[in-house]
Amino acid sequence: MRKNILNLIRSSATNEEDYKALEDIFTLYDQLQYASDIKQMAGDIYNWLHNTYKINNVNISLFDLEKNIKEDILVKGNSFYLDDNLSFFFVINTHTNLNALVSFCASTKEHFDEINNKYTIIESAFFQISPIIQNGIIKKNYIESQSLDSVTNVYNRHYLIQTLNKQIVLSGKEYKQIFFLMVGIDHFKAVIDEFDYDIGDRVLIELAKVIHANISEFDLVARLTGDEFLISVLSTSNESEIINICKRIIDDFAQVGVKVVTKPEQILKKTICIGYDVYTYSDEKSIDLTIKNADIALYEAKNRGRSQLFYFKDLQEEDTIDLF
């Protein structure tokens with residue numbers, strides 16, 4: 001690929017078409033340098049392919065060489081396979097465990113021939129931008145390692161609070177009320193004692209899926225220590241809607257089964273409780289105190305049995321919080 005870009009540079013001195021192709025490549029290069037993350041980079045690459053070569057069907061993904069996992073970053077147009085007669089694919093080697101895979105499909109045989117004639121130019125472009133893609137992947141890995149829980153792939157507490165505070169400052173008084181839901185699995189320690197941490201992790205992963213299935217994309221989820229998850233609901237401040245969200249999460253998770261033994265097949269089902277409190281913009285109560293109150297409400301819910309929901313404001317002086 002390095003040879004291709006050098007040949008293109010040489011020929012551009014006398015060939016106007018090659019000069020224009022080289023100019024397009026460096027336009028893409030400059031644009032990618034201003035991209036904030038790998039998804040924006042993928043969008044810029046798609047726009048370049050679409051505007052320069054009229055390519056509509058594109059898939060840009062990351063392939064983890066160690067885990068043998070492919071993660072789609074951008075999918076545009078109709079689906080296709082890499083072995084289709086009209087498809088192309090390029091691997092952008094980033095010298096990390098993650099390589100970028102850019103694949104696309106021509107719309108007709110004539111379109112395929114046009115792209116094929118420009119193959120070395122596209123290849124030269126991907127060679128030129130590979131260091132920027134590498135930096136984007138490194139940045140993505142760093143952010144995820146600092147912000148995501150390694151088991152459930154949801155945020156950690158620090159990142160959720162940090163992000164939430166930024167949103168509140170930037171939005172002014174848009175978020176007048178934010179409900180915080182603390183979710184905990186009933187008698188989770190028994191899962192570890194009876195089975196092992198692997199089964200425990202699978203239970204946590206299933207709970208994370210149920211939570212995400214019942215909240216808006218604007219809401220934030222974090223895993224705290226052990227079996228507890230914290231949800232900040234930004235999509236609504238209506239208490240009846242909050243209660244409905246909580247009940248759906250409780251009911252849906254109660255139906256989830258985790259296979260613990262294959263022969264004979266045995267399924268583990270667990271239940272959860274939820275405690276919640278509300279942060280009000282005009283109150284002196286901080287977000288940290290609201291989260292602490294939601295945690296207290298969770299323990300009161302657990303004291304009342306399985307699959308319980310409890311609002312911190314309903315806590316009475318005679319109620320005792322039995323932490324177990």
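On this tour, "contact" means heavy atoms within 4.5 Å. Helices (H or I, at least four residues) and strands (E, at least two) are DSSP runs, numbered from the N terminus. You're looking at a predicted model, where local features need pLDDT of at least 70, side-chain atom pairs count only at pLDDT 80 or more, and totals for chains, interfaces and linings use all residues. Residues are numbered from 1 along each chain as its sequence is written, and side-chain values use heavy atoms, leaving out hydrogens and water.

**Stop 1: two helices.** Select α2 (residues 16–33) and α3 (residues 38–53): their axes come within 10 Å and cross at roughly 160°.

Now show the side chains where they meet. From α2 come Asp24, Ile25, Leu28, Gln31 and Leu32; from α3, Met41, Asp44, Ile45, Trp48 and Thr52.

**Stop 2: the sheet.** Next, colour the strands. Which order do the 4 strands of the open sheet follow? It's β2-β1-β4-β3, with antiparallel pairing (two strands pair if DSSP finds at least two bridges between them). At the edges sit β2 (69–76) and β3 (87–92), each pairing on one side only.

Zoom in on β1 (residues 57–64) and β4 (residues 98–105), which 8 bridges join. Pick Ile60 and you'll find its bridge partner, Val102, in β4.

**Stop 3: helix on sheet.** Finally, bring α3 back: it lies across β1, β2 and β4, at about 50° to β2.

Note on methods:
Axes fitted to C-alpha atoms, helices over the stretch in contact; angles between N-to-C directions.
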